[in-house]
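Here is a short briefing on a protein model. Keep the sequence and the 3D view open while you read.

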Amino acid sequence: MKELLFNKISKPLQYLFSILLICLVAGICFILSDFLNYQVVAFVLLVTVSIIAVSFDILPVLFAALLSALIWDYFFIPPHFTLQVGTTEDSLLLMMYFVVALVSGVLTYKIRRIEKIALQKEEKANTIKLYNTLLNSLSHELRTPISTIIGATDNLLLNKSISAPNKQELTIEISKAAFRLNRQVDNLLNMSRLNSGFIEPKKDWCDINELVYDVVRRIEENKIEQAISINISPELPFFKLDKGMLEQVLYNVINNAVLHTEAHCKIDIAAVCHVDVLQIIIEDNGKGFPNAELEHVFDKFYRLNNSKAGGTGLGLSIVKGFTEALGGIVILENIPRMGGARFTIEIPAATSYLKNLKNE
Amino acid sequence: MSKAEILIIDDEAQIRKLLEITLESSGYTVRQASTGKEGILMAANHPPELIILDLGLPDESGHTILQKLREWYTNPIIILSVQSDETDIIRALDNGANDYLLKPFRTGELQARIRSSLRNSFNEDGNQVINCGDLEINLVARTVKKSSENIRLTATEYTLLSVLVKNEGKVLTHYFLLREVWGPGYINQSQYLRVFIAQLRKKLEKDPNRPEIIITESGVGYRFVINPV
C-alpha cells in the first residue's frame, strides 16, 4: 500500500524528498558528530538510502546513493570539508559504501518490479476466469437455441413423413429459439455498450405511463402465464431521461420476474414521483431470492445456484449498469413476511407537469 | 388489381431470399439488387411501386442511396435496418423514407407496412372520411365521432390528429409532428407532443394505456393505424 502511494509521487518530487531526507539525516549526524564515529554515520546514511529505495524509482535512489556518498566524504571523512580521503582504509570504506548503497537500491527496485509483475499476472488470471465464465454461460445460452433450430430444420428438411401437427410444433420451436437468441444478442450488445464506457444518456421528456405499458405489452406478447398489474397515476409528471435505457432496465427486471416465478404468480409495477426523483417499484409474489445471494444478483454473469431457467447472467447486471448510467440506483430486497422479490429503481430527473396543460 | 412491383436493395442473400418468398406469396412481383448502385440503376430503368432499402449496404451507405433515390423517385421507400441507433432511423425518415423496420422483423408486420405504404401512395388525395373501428374522422367537416357521438377536440388536438390521419400507417418523427403542428420554433418541445398525444388517446382509444390507433414508435415518433394487425 505504502509503495503504491509513493509510486504516485512524481519524479521531481522524489528527487526533492531524497535530497531533503539525506541532508536532514546528514545534518543531525553532523550536529552529533562529537558523539558519533564517522563510520557509524556511514551506516546511518546507508539505512537512509535503503529506506528511499523501498519507495522510490531507481534513478532517484541512485542519485541519493551518490549524494550521500559525497556528503559523507566531504563532511565526515577526515580531513573534513574536502573530498580528499586521508587513508587507504577510508578510500576502501568509501568505495564499499558506494557499492552497498547501489546494490541495495538496485535490489529493492528489482523486488518491486517482480511484485508488480506478479500482481499483473493475478489480474490477468482473474480476467481469464471471468472470460471463461462468460464463454461457458454464452456457449450454453447461444448453443441451446441454435441446436433447436438446426435440429428442427433438419427434421423438416429430411423427414418427409413428418405429421402436420409435428411440423407445426417444430416450427414453433424454431421461432422460440430465434427469439431467445435475439434476446441474448441484445443483452450482449448492451453489455458491450456499458463496458465501452462511452454510454451517454440521451435525455428527452418521457411519459412513464406510456413507457411502462409499452414494456409490459412487449413482455405479454411472449404469452406469459403470470398476471402483471400496473399502478401508476395518470397525473404522474413527465421525466426528462433516456427512454431507451429505462425501457431496457424495466424490460430486464420484469422479464427476470417472469422467468423466475411460477405461472400463477403476480407481478406488480408502481411508479411515483418524489421531488424530482422517479421511483419505480416492481414486486412479485414468487419465492424471492436466497438471502445469501441477494448481494450478488447484479454481478456480471452471476446465476443463482440451482437456477433452472436459462440466462447468461447479464440481464440484471445490465439493469444495474443502465440505472447507474442514468444517475440512479437499484435496490433489491425480499418482501418481509409475504415473500417475493422487490426491485426499487430510483432515478433523479427533471419533471414537467405540462400534462395538466389545457389547450391553446 | 395488377401485381405491384417491389424492389429489394439488400446485400444479404438470405434476407433477399426471405423477402422474395414472403412477398411473392403475398402476390407482389419482386426484383432484387445486392448493392446500392445496382439498386439505383434498376429503379431508374423501371421504377417499382415500392422499394425496400437496407441501411447497411457495402458500397454506399443506405442514407446516401436514399437521398439519391429521393431526387426523383416518389413512390414509398421502406427502410430495413439492424437494430441500431434511433438517430439513424429518424434521419432516414426525415430524409424521405416512408417507414422503417428493424431486423429481425415479423413477417406480418412487414406485410402490414407494405400494404399501408402502397395504399397511401395509390390514394394521394386521401379519403376525406376515415372509419376506424367505432371511430369516424371527417377531414372536410372537421368532426370526430366515436360510436356516432361527437367528440370535442381542441384546435391543437384536431390539427395533430389530422396530420396523423393524413399520413395513416406512416411513422411520423417527433421533429416532423412538432414542426407541422406547432411550427419550426417548437421542434425541441417534445413534451407538448406527449401531452397532446396522451389527450388524444384519452378521447379516442378504448384503453388509453394500451393504444391501438395512435401507436408509439419508441424513441422515433408516432403512427396512426386504421386497421390494427
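Two residues are in contact when they have heavy atoms within 4.5 Å of each other. With that cut-off, and leaving aside neighbours within four places in sequence, Q279(A) is in contact with A270(A), A271(A), V272(A), H274(A), T344(A), I345(A) and E346(A). The model is predicted.

**Chain A overall**

- Chain A holds nine helices and eight strands.
- Of its 360 residues, 38% are buried.
- Take the contacts in chain A between residues at least 6 apart in sequence: 70% of them join residues at least 24 apart.

**Q279(A), a buried glutamine**

- Q279(A) sits in strand β5 of chain A, which covers residues 277–284.
- Is Q279(A) buried or exposed? Its relative accessible area is 13%, under the 20% cut-off, so Q279(A) counts as buried.
- Its side chain makes a polar contact of 3.2 Å with the side chain of H274(A).
- A polar contact of 2.8 Å links the side chains of Q279(A) and E346(A).

**N231(A), an exposed asparagine**

- N231(A) belongs to strand β2 of chain A, residues 227–232.
- N231(A) has a relative accessible area of 57%; the cut-off for exposed is over 50%, so this residue is exposed.
- Beyond its neighbours within four places in sequence, N231(A) is in contact with I269(A), A270(A) and A271(A).
- A270(A) and A271(A) are also among the contacts of Q279(A).
- N231(A) and I281(A) are 50 residues apart in sequence, and their C-alpha atoms are 9.9 Å apart in space.

**D214(A) in helix α7**

- D214(A) is part of helix α7 of chain A.
- This aspartate is buried, with a relative accessible area of 12%.
- The side chains of D214(A) and R217(A) are joined by a polar contact of 2.7 Å.

**Nonpolar cores**

- The largest nonpolar core has 49 residues.
- Which of its members touch the most other members? They are I208(A), L246(A), L250(A), I254(A) and I282(A).
- Helix α8(A) gives the most to this core, with nine residues.

**Interface of chain A and chain B**

- Chain A puts 22 residues into the contact, and chain B puts in 23 residues.
- Together the two chains bury about 2100 Å², 46% of it on carbon and sulfur atoms.
- How many salt bridges cross the interface? There are three.
- One salt bridge pairs R210(B) with E220(A), with the closest N and O atoms 3.4 Å apart.
- On the side of chain A that touches chain B, α6 (164–196), β1 (204–206), α7 (208–220) and α8 (243–260) each supply at least two residues.
- Of the elements on that side, α7(A) gives the most, with four residues.
- That side of chain A divides into seven nonpolar, four polar and 11 charged residues.

**Backbone points to check**

- Most residues other than glycine have a negative phi, and most peptide bonds are trans.
- The peptide bond from P78(A) to P79(A) is cis, with omega near -5 degrees.
- P79(A) lies in the loop between α4 (58–76) and α5 (88–158) of chain A.
- In chain B, the peptide bond from K103(B) to P104(B) is cis, with omega near 0 degrees.
- The loop between β5 (99–103) and α5 (107–122) of chain B holds P104(B).
- K223(A) is not a glycine, yet its phi is positive, near 55 degrees.
- K223(A) lies in the loop between α7 and β2 of chain A, and is exposed at a relative accessible area of 72%.
- R142(B), also a residue other than glycine, has a positive phi near 55 degrees.
- R142(B) is in the loop between β7 (135–138) and β8 (143–146) of chain B, and is exposed, with a relative accessible area of 55%.

Notes
Residues numbered from 1 in each chain as written. Chains lettered and ligands numbered in written order. Predicted model: local features only at pLDDT ≥ 70, side-chain atom pairs only at ≥ 80, totals over all residues. Heavy atoms only, no water. Buried area = accessible area lost by both parts, 1.4 Å probe. Salt bridge = Lys/Arg side-chain N within 4 Å of Asp/Glu carboxyl O. Nonpolar A, V, L, I, M, F, W, Y, C, P; charged D, E, K, R; others polar. Buried < 20%, exposed > 50% of the residue type's maximum accessible area, 1.4 Å probe, protein only. Core = buried A, V, L, I, M, F, W, Y, C linked by side-chain atoms within 4.5 Å. Polar contact = N/O pair within 3.5 Å; in protein donor to acceptor, adjacent residues only side chain to side chain.
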